[in-house]
Amino acid sequence: MVGGLRAHAPQREFGVKLPDDASLHCLVERLREQGGPPIYEWLGEPGTTDAPKRVLLLVNGHFVFPSGDPEAILKDGDVVSVMPVISGGQPGPWSDIAMAWG
Amino acid sequence: MGRVLRIDLTSQTTRVESLPLEIVRDFIGGAGVGLRLLYSEVPVGTDPLSPKNELIFAPGPLTGTGAPGSSRMAVAARSPLTGAAGVSLSGGQFPAEMKFAGFDVIVVEGKADSPTYVSILEEKVHFRDAGRVWGMSTLDSQAFIKEDLGDQNYRIACIGPAGERLSRIACIINERRAAGRKGLGAVMGAKNLKAIAVRGSQKVEVADQNRFQQARRRLLGLFKATPAVYDGLSRVGTAECIDVTCELGIFPAMNFARTGEFAPVDDLGCEIQRKDTVRRVGCHGCPVACSQVRMASAGPYAGILTEGPEFESSWAFSGATGVRYRPALYAADRLCDEYGLDTISVGMTIAFAMELFERDILGRDECDGLALRFGDHEAMLSVIRKIAFREGFGDVLADGSVAAARRIGRGSDQYLVAIKGLELPGYDVRGAKAHGLNYQTAYTGADHNRGYAAQEVFGSPIPVAVDRFAIEGKAELCKWNQDMKMALCDCSTLCAFLLTAGAILDPEAEGLGQESTHARIRTVTDMLAGATGIDFSPEDVARVGERGNTLGRAFNIREGFSRRDDYLPERLANEPISAGPSKGQRTPQEDQDKMLNRYYELCGYDQLGRPTRARLEALGLRDVADDLDSMDLLGRSR
C-alpha cells in the first residue's frame with residue numbers, strides 16, 4: 001500500500017494466498033474479500049466486478065493497471081503495489097482504459 | 001491589462017509602460033513575457049550579477065481575478081548559476097497583490113548605491129533605505145518592513161543573507177514561498193535590492209465576465225472531480241511523491257550513487273509527515289491549500305516549524321544527503337527559507353561534498369573540521385549556515401556544485417550531478433526516460449518543473465500511458481509535457497501541481513495529437529479569453545507553449561549553449577541503478593542521442609540543437625531568427 005493508502009490499509013505490506021496462475025485481477029478480487037472496509041473504499045466491495053477507479057496497480061515497480069494487462073499472470077515473489085491516483089485528471093480517462101478489466 | 005512598472009535602481013526613478021498587445025497575444029504572461037523581455041533587453045554576454053541584467057516579476061492575466069490556482073508569478077533574469085535563461089515560478093500572496101497594486105509586470109533595472117527596498121502602494125513607488133534590514137533573515141525582513149511601513153497588509157518578496165552575499169544558489173522568498181532555483185536571489189542582491197513590498201486594493205477587471213465565470217466554474221468542477229486534488233494535495237501535500245518515487249526505485253540516494261538502496265518511507269513518507277502537520281496554507285484564492293505547515297515536536301530541532309517541506313525539499317535533505325531523521329529536514333527547509341537558499345541546489349551541493357569526503361577527495365581540514373558523511377544531519381545543518389554566510393568551507397559551496405568542483409579540482413567533477421550547471425532534482429531519471437529528456441533539454445537546466453512526466457512517475461494516462469523505461473516515443477511525450485507546462489502554468493500562471501494532478505485539463509480522449517490536446521485545454525483557454533478579451537483559441541494557447549520554449553532555447557544558443565549541454569551527467573549514463581524496482585537502469589549516450597535527435601526534429605532544431613529560421617518564423621519569432629542569423633547561430637535546415 002503506497003502513499004495515502006497506508007492510512008487506510010491494515011499494514012503497509014501483507015501477503016495474500018492465491019491459486020496458481022492467478023492474475024492481478026484475481027488478486028484484486030481476493031483483496032476485496034479479505035481487506036475489510038478500508039480497502040473497499042479504494043478497491044471496491046466484495047462481489048464488485050467493476051475495475052478499481054481510484055488506484056493504480058504496479059507489479060515490481062511497473063504500472064500494470066490501468067495502462068497494462070490486468071489478466072497477466074503473477075509469479076511467486078512478485079511485489080504488487082496499490083497506489084492512489086495522484087495524476088490523471090478525472091476518472092473518465094481511467095474508465096476508458098479500464099475497459100480491459102474483466 | 002499589460003501595465004509594466006519599470007524600476008531603475010541606479011537613477012531611483014520609475015516609469016510605467018504598456019505591454020504591447022502582441023506580446024500578450026504571443027506569450028500570455030508569466031514566463032513567456034519574462035523571456036520576451038529578457039531576450040530583447042538584456043544584451044548578449046551580460047554578466048548576470050551586473051546592473052545590466054534585469055529582474056522581472058511577471059504574474060499572468062488570471063492572477064488576482066479569482067481564477068483558482070492562479071496566484072503565481074514567473075521571476076526571470078539571466079541566471080547567475082547557469083548563464084542560461086533563468087525563470088523560476090513562485091506562488092503565494094505577492095503575485096495577486098502586485099495585480100491589486102495595479103501592475104502586471106515589474107522590471108527591475110540597474111543597481112542601487114546602497115541597500116534599498118522598494119515599496120509600492122496603490123501604484124505609488126518609493127525607494128527606501130534598507131540599511132537596517134540588510135542582514136536579516138527573510139521572515140524577519142518581512143516582519144520588519146511591515147512595521148517600517150506601518151501596515152501589516154503589505155506582501156513582500158525579499159532576499160536573505162545568501163542573496164546579499166551573492167550566493168548563486170540564493171532564492172527570492174515571499175511569505176514562505178520561494179522563486180527557488182537558478183540563483184535569482186543573487187541577482188536581487190547584486191542590485192542592492194533587499195525587498196519589494198506591494199499593497200493594493202484595485203479590482204482586477206476581466207473583459208468578459210460571463211465567459212470568464214463560466215470557465216471558472218468549470219475549472220472548480222474539474223478540481224472536485226479529480227481525486228488527486230482534495231484527497232491528495234490538500235490532505236498530504238506533495239510529500240506523497242516520496243512514497244511513489246521510493247516505490248518505483250527512483251528516489252535518488254546519496255548524490256545519485258545509491259538509488260534503490262535507500263527508500264525511507266517509514267521515516268519520511270507522507271503519512272508520517274502528515275502527523276507533524278499543524279495547519280495548511282494556500283496561495284491567494286486557492287481552495288486546495290496544499291502547503292502543509294509541519295513541526296518538529298521532539299529532539300534537537302523541537303519547536304521548529306516549516307511550510308512544506310515540499311517533496312523536493314524533503315528529498316534534498318534526506319535522499320540526496322542520506323539523512324533519515326525527519327525533524328532535521330524540517331529544520332533544514334526552514335533554514336533555507338530564512339537564509340533565502342534554494343533547497344534543491346543546497347541539498348545536492350552538500351551531497352556532492354559528502355561524496356567527495358567519503359571518497360577522501362576532501363579532507364576534514366578543508367571542511368572546517370566537519371566529517372561530511374552521508375546521513376549526518378548535524379553536519380548538513382552546519383553547512384547550510386556556512387553556505388548562507390559564506391563562512392569557511394561554505395564559501396566553496398555557496399555558488400553551487402559546479403563552481404565548487406572548479407575550486408576543489410582533483411577530478412571531483414566526475415561526481416557532479418547537474419545539467420547546464422543546475423543540480424538535478426529528486427527523481428532518478430535513469431528510471432523515467434521522458435522525465436530525463438526534459439532535464440536534458442529544458443531551457444533552464446535540470447528542471448523538473450519545465451516538463452514533468454507524470455505519465456512515468458504517477459502512471460498518468462494523459463495524454464498517453466507509457467513504459468517508463470522505454471525510449472521510444474519519449475521525445476514526443478517530453479515536448480508535449482514541456483509545451484503544455486509552458487502554456488498553461490508558466491505563461492498562464494496556473495499552478496503546476498494542479499496540472500500534474502490533471503485537474504486543469506478537460507477530460508477528453510487520449511493521444512498526443514493536436515485535436516485531443518486542443519480539446520483538453522478548452523476550459524483554460526476560455527478563462528484566458530474571458531479575462532483578457534483576446535479571443536484565444538486552444539490552438540493559440542498550445543502554440544504559446546512551443547513559442548516560449550523555443551525562445552528560451554534561442555536565448556541560450558545566443559549565450560553559447562549547444563547540443564553538448566543537453567546530456568545527462570556521466571553517472572546517469574554509465575552507472576546502472578544498483579537496487580530496487582529500477583535496478584539495472586541507466587541511459588547510455590546512444591539512447592540519449594536517439595531521443596535528442598527526434599526531439600530536435602520535432603522542435604524544428606538542427607543537429608546542434610539550434611532553432612531553424614523556418615520554425616522561428618512559423619512561431620512569429622522572425623526578429624529572433626534575424627538575430628541568430630546575424631551571429632551565425634541559426635539552425636541549419638535539414
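Predicted model: local features only at pLDDT ≥ 70, side-chain atom pairs only at ≥ 80, totals over all residues.
The crossing of α18(B) and α26(B) is right-handed. On the side of α18(B), the contact is made by B:Lys433, B:Leu437, B:Gln440 and B:Thr441, and α26(B) contributes B:Gln592, B:Met595, B:Leu596 and B:Tyr599. By residue class, the contact of α18(B) with α26(B) comprises 4 nonpolar, 3 polar and 1 charged residues.

Chain B also contains an open sheet of 6 strands with mixed pairing, arranged in the order β8-β7-β12-β9-β10-β11. The edges of this sheet are formed by β8 (124-129) and β11 (177-179) of chain B, each of which pairs on one side only. On average, and with direction ignored, neighbouring strands of the sheet are turned by 20° against each other.

Within the sheet, strand β7 (residues 116-121) of chain B pairs with strand β12 (residues 193-199) of chain B in the parallel sense, over 6 bridges. In β12(B), B:Ile196 is the residue opposite which B:Val118 stands. Helix α4 of chain B, residues 138-149, lies across β7, β8, β9 (155-158), β10 (172-174) and β12 of chain B. Relative to β9(B), helix α4 runs at about 135°.

Terms used: Residues numbered from 1 in each chain as written. Chains lettered and ligands numbered in written order. Heavy atoms only, no water. Left-handed = near helix turned anticlockwise from the far one by under 90°. Helix = DSSP H or I, 4+ residues; strand = E, 2+ residues; numbered from the N terminus. Contact = heavy atoms within 4.5 Å. Nonpolar A, V, L, I, M, F, W, Y, C, P; charged D, E, K, R; others polar. Pairing = 2+ DSSP bridges. Axes fitted to C-alpha atoms, helices over the stretch in contact; angles between N-to-C directions.
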